[in-house]
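Let's take a friendly walk through a protein chain together. Have a look at the picture below, and then read on.

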Amino acid sequence: MADLSSLRIHDRARKPTGRGKRLGWLAGGLLFILVGGAAAYRFKDPKTVVEVTAARSAANSPAQALLNASGYVTPRRRSSVAAKITGKVIEVDTDEGMHVKEGQIIARLDCSESDAALASAKADRIATEASIHDLEVNLANADRELKRTQQLTDAGVSTPQALDAARTLADSYRARISLTKEQVGAADRKIDVAQENVNNCTIRAPFTGQVVSKDAQVGEMVSPISAGGGFTRTGLATIVDMQSLEIEVDVNESYIARVTPHQRVTATLDAYPSWQIPSHVRTIIPTADRQKATVKVRITFDRLDPRILPDMGVKVAFLGEEKLPAASGGGAAVPKALIPSSAVRQQDGKAAVFLIRDNILERRAVTLGLQRGDDVEVLAGVTEGDKLVAKVPENLRDAQSVEVKQ
């Protein structure tokens, strides 16, 4: 039998050596460092991201806004051009964005029937006018017969009845000639009607403007009234007079007393929020909407611009009378700058802002003036061009390091 005693492990071989212990402690230390670093990175306080705005000059800013409202850009002259007759479109000479002049042809309709009616009316007139010559020849003969009958009657050869018959015949021809001439005049009027129908086949621009919608294509039927279950168009194109663009807003009737004719207004298009457009009140519509309790106000741009388009959304600020700064030595203080109201933090009844220099905050107390819409005047503490936190979070503090939102 084999001797298995040689396979026995001695006690000295079972005990770990010092080298294994050192490797274990080193691995444990590295693991602790990694876990601690990850926890520190996870729980460290990140920099606060803030939006930045700049203090603006109060001298170049509009006067105090008495009232704010919103509305839309609308043209005073907008026309959905339609045909006066029902017909098939055979030509369209317009496209969206095209400028047209008053009287310019924008479309044509099939005019074969109207042309035929015009030709028929002209032929009827020619035939009616030609019959006048025949009547005039017969009238001349009747006048001669009347003259001979008159001489014979005076000589006692002819009877008075023959004279009356000759006179009646001549008068009859004169009446027929007069009737025929009136018929020629009526034929002229029929020609005018037929010509107008022919003219109605040509659609022209009613005024100078720009095409904003092309509503019909070649081959479609158009009609001045809706017909055909939706298969008949009622318009060919929509034209807008871009020189008549204005703003239409609804003002709550509780504040309509603040609006007056020719009042200065600052308009801001939703598409261009940084562009303030000088405007003025054109008219206040003398009626109220009982459902919305509003009064419609129309505002005219002081100067039009190609960027202003119909149906754009717009916000307006109705401005009060601009007050001149008081002379030195007394009176109201002159505002140093204009900043957004959201940049001001109120604490214990005192106003303060946070200036930014090299991404470090500086808390500074300010003296505020009048409110101008979403902005406020600064009388002291800030000067034009200073960079401020636009929207102040609650956790901001002085000397804090922040990150500027790009």
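## A patch on the surface

Leu26, Leu30, Phe32 and Ile33 make up a nonpolar surface patch, and together they have about 480 Å² of accessible area. Such patches consist of residues with over 30% relative accessible area and no salt bridge, where like charges are joined within 9 Å and nonpolar side chains (Val, Leu, Ile, Met, Phe, Trp, Tyr) within 5 Å. Accessible areas come from the Shrake-Rupley method with a 1.4 Å probe, and for residues only the protein chains shown count as cover. Leu26 belongs to helix 2 (residues 18–43) and is exposed, at a relative accessible area of 52%. Here, exposed means over 50% relative accessible area, buried means under 20%, and partly exposed is in between (1.4 Å probe, protein chains only).

A word on the model itself: it is predicted, so local features need pLDDT of at least 70 and side-chain atom pairs count only at pLDDT 80 or more, while totals for chains, interfaces and linings use all residues. Residues are numbered from 1 along each chain as its sequence is written, and side-chain values use heavy atoms, with hydrogens and water left out.

## The whole chain

The protein chain has 4 helices and 25 strands; these are DSSP runs numbered from the N terminus, with at least four residues for helices (H or I) and at least two for strands (E). Of its 406 residues, 33% are buried. The chain exposes about 26200 Å², and carbon and sulfur atoms supply 53% of that area.

In what order do the 5 strands of the open sheet stand? The order is 8-7-5-10-11, with mixed pairing. Strand 8 (202–204) and strand 11 (232–233) are at the edges with a single partner strand each, so one side of each has no neighbour in the sheet. Two strands pair if DSSP finds at least two bridges between them. Strand 5 (residues 87–92) is antiparallel to strand 10 (residues 221–222), with 2 bridges, and Gly87 has Val222 as its bridge partner there. Strand 5 also runs antiparallel to strand 7 (residues 105–109), joined by 3 bridges, and Val92 stands opposite Ala107. Ala107 in turn stands opposite Ile203 in strand 8.

Elsewhere, strand 20 (residues 350–357) and strand 21 (residues 360–365) run antiparallel, joined by 6 bridges. They form a hairpin with 2 residues between them, and Asp358 in the turn has a positive phi of about 55 degrees.

## Charged partners

Side chains of opposite charge can pair when their charged atoms come close. A salt bridge is a side-chain nitrogen of Lys or Arg within 4 Å of a carboxyl oxygen of Asp or Glu, and the count by this rule is 22. The table shows some of them.

| Pair | N to O distance |
|---|---|
| Glu129 and Arg125 | 2.7 Å |
| Lys296 and Glu248 | 3.4 Å |
| Arg298 and Glu248 | 2.9 Å |

Arg298 lies in strand 16 and Glu248 in strand 13, so their pair ties together parts 50 residues apart in sequence. Salt bridges with shared partners join Arg76, Glu246, Glu248, Asp250, Arg282, Lys292, Lys296 and Arg298 into one network. Glu129 and Arg125, by contrast, are 4 residues apart in helix 3 (residues 112–155), which means about one helical turn separates them.

Is Thr74 buried or exposed? Thr74 is buried, at 17% relative accessibility, and lies in strand 3 (residues 65–75). Beyond its neighbours within four places in sequence, Thr74 has contacts (heavy atoms within 4.5 Å) that include Glu248 and Arg298.
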